[in-house]
Amino acid sequence: MSIIIDEKNLIFNLQTKSTSYIMKVAEDKYLAHVYWGKKMENPDMENAQINRWIGFSPAEWCKPLTRDFLCQEYPTGCGTDYRIPAISALYDDGSRTVELVYEGYKLMAGKPGLQGLPATYVESDSEADTLEITLKDNVKGMKVVLSYTAYNEIDVITRNVKVINESNARIVLEKVVSANVDFEDSKFDMITLPGAWGRERHIERAAIRSGIQEIGSRRGASSHQLNPFFALVSKNATEDYGDAYGFNLVYSGNFTAGVEVDQVFKSRAWIGINDYDFSWILEAGDSFQAPEAVMVYSSKGIGQMSRTYHKLYRKRLVRGKYRDEARPILANNWEGTYFDFDEEKIVGLAREAADLGIELMVLDDGWFGKRNSDTCSLGDWVVNKEKLPNGISGLAKKVNEFGIKFGLWFEPEMVSPDSDLYRAHPDWCIHVPGRDRTECRWQLTLDLSRKEVCDYIVESVSKVLDEANIGYVKWDMNRHMSMLGSAGLDSEHQKEMPHRYMLGLYDVMERIVSSHPDVLFESCSGGGGRFDPGILYYMPQTWTSDDTDAVERLYIQYGTSLCYPTSAMGAHVSAVPNHQAGRVTSLKMRGDVAMSGNFGYELDLMKFTDEEKAEVKAQVAQYKELRTFVQAADMYRIESPFEGNTTAWQFISEDGKDIFAAYFRILAKVNGGIYRMKFVALDENAKYELVGEDKVYTGAELMNIGLVVDFWGDYQSRTFRLKKI
Ligand code: DGJ
């Protein structure tokens, strides 16, 4: 058992391979947070958990002490805790005080799934243990079950919260976060991943200070703008040194996360569904399940925290056959043709792709309805016979004849006002009666809180998938919610729409994905606007960004790797000048950057010169060899683009035998000094062959002295393939 319980003193010690998370019931009533950090067997609880009197925070239950000081596990703002609460509710008499006291616990081997929500999982009960602690508001009959899973071999604690109305009256839940951690001090920097379309998940790091520092999304999606991830790290934390506490929400909709530093410099961190535009009516007997939060502590720096997330997500979040299978190298026509294609063009691209060794031809937007631009037809998932006279099945067949797979783009959650679907069901989109339906990219969001809308999506998408040999689906989503309202909900339940939408989306995805187990699904939202673990549960990879410029991608892929594995990141070589940044980079650098993700090409393959074709063939062959370990490797970030002109990272297989590293220099510097690739995590005493160069070095030499890298010109890259001898 990875959870040790002191029955007498009600102390709960959750243990992973090298961490502990400890709670204690104080005064027989209140669940206090005691410790989260390096593994501890039996700490002296008097020493570990301290409470103090604070002026102007009235003495109360633990006289002369106060709840304003106590580190709490799931605070409600009750009594004299003036810090931000984890939960708020409105009772039928108009009162809002929630007081949760300890009721009991349940311990079980393994990890139960979450009804209707994505979550990490175990394959055998021996992989993890789960502790459920029940708290109850005895005055109002509201029960809160805090669920904690400790993985034995991965340093992860997952949490979720279920609220049950055990009273005879209605309770309106107004806030319910998935995890709260009260730290005894605030000597942390906070790392977040803000961005925008085309600039997703850049890294920001800043010292936390008094008051609330919050990130979140109110866009109805996890968003490009802020990812549902943050870390609190010790001030001295680097990639390989110091403490790092990571928080990530397995959810794809509105979220809130942050930290509050209080008057005595404690800090309260949280992550969960955003309470903005949220409320949930619990009638007598009803329950509400909040999403899962994944918490990782690393005492060995930020890099170790990331690798822990990567491992968990690769092995116990992503599902289906592509969890363990090599991902195909794809060619996507989007940046090559945009809407201007026909069957002949796509078949030509597929022929070329096959000749280059590419394994999958993906047809992007524009194959359905009357869609020759982005102004119409979303929702009408019927092939455009003018462009594709033999239908999708005819096209797929022709592509398959070259010995490669065929993939197709959908944007199932959307409807164009100019579409047959909208004309038939104008009330199926999110809208407020009597107000403008604000369009974004000439489209509206379908109301997935409605069952009939979800059924329509499952049926129309499945019909296309079942009629043709489709091996891959790109699932896009190109706008955020606005003017929130659902014609399917009565006035009292309107604020439930954003979360009901997510439940509908997850249900749709589950139905489509589970009935098409051989299809590789890649999610997308205007690039990486919904790059979160919620979606990864259904679709093992995500299009990282619409920005395909190799330099910009260094930042985006580096930032994304703080939490998400390489195998989750779609990365393609595109044309130059780049369509987003206008920059011209070498084919080599574009290839080297894309090879650090799920590799592909997104350009008009017919435009390659013979020389370029030879280079592309070599890249494709190189990636086929690399992906056998890179997609499942431990990633080490070595030099950060956010800190200078160079970027370096390294992938090492779990057995330590295969290494791939890449070093990039953005701008040329005359007399700019020596550049060295210094490898990490090798075996000092072992010997490594530098593949392709007929050279052998010791691990110590590669790590301590490194290999000199010479560059000429802007936008340069160099890759290294090592094999342990
Ligand atoms: C946005 C995606 O991110 C692009 O890759 C492309 O699929 C377009 N949508 C198509 O409309």
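**The largest cavity and beyond**

Guide: The residues lining the largest cavity divide into 7 nonpolar, 2 polar and 3 charged, where Ala, Val, Leu, Ile, Met, Phe, Trp, Tyr, Cys and Pro are classed as nonpolar, Asp, Glu, Lys and Arg as charged, and the others, including Gly, as polar. This is a predicted model, in which local features need pLDDT of at least 70 and side-chain atom pairs pLDDT 80 or more, while totals for chains, interfaces and linings use all residues. Residues are numbered from 1 along each chain as its sequence is written, and side-chain values use heavy atoms, without hydrogens or water.

The lining of the largest cavity includes Tyr30, Leu31 and Arg67, the run Gln72, Glu73, Tyr74, Pro75 and Thr76, and also Cys78, Glu99, Leu100 and Leu135. The space inside the largest cavity is about 110 Å³, a cavity being a set of points on a 1 Å grid where a 1.4 Å probe fits but cannot get out, with lining residues having an atom within 4 Å of a point. Among the residues that line the second largest cavity are Thr548, Asp549, Arg553, His572 and Arg590.

The ligand has 13 residues around it, of which Asp364, Asp365, Lys474, Asp476 and Asp546 come nearest, and a residue counts as near if one of its heavy atoms lies within 4 Å. By class, this shell holds 4 nonpolar, 3 polar and 6 charged residues. An oxygen atom of the ligand lies 2.7 Å from a polar side-chain atom of Asp365, a nitrogen atom of the ligand is 3.3 Å from an N or O atom in the side chain of Asn478, and the side chain of Trp543 has an N or O atom 3.5 Å from an oxygen atom of the ligand. Taken alone, the ligand exposes 290 Å², and the protein buries 98% of that, as found by the Shrake-Rupley method with a 1.4 Å probe.

Turning to the cysteines, the count comes to 0 disulfides, a disulfide being a pair of cysteine sulfur atoms within 2.5 Å. The sulfur of Cys440 is too far for a bond, because the closest cysteine sulfur, in Cys429, is 14 Å away. For Cys524 the closest cysteine sulfur is that of Cys440, at 14 Å, which is also too far for a bond.

Technical notes. A polar contact is a pair of N or O atoms within 3.5 Å; within protein, one must be able to donate a hydrogen and the other to accept it, and residues adjacent in sequence count only if both atoms are side-chain atoms. On a 1 Å grid over the protein atoms alone, a cavity is a set of points where a 1.4 Å probe fits but cannot get out, and a pocket is an open set with protein on both sides within 12 Å along at least five of seven lines; lining residues have an atom within 4 Å of a point. Grid points are joined across faces, edges and corners, and a volume is the space filled by probe spheres set on the points.
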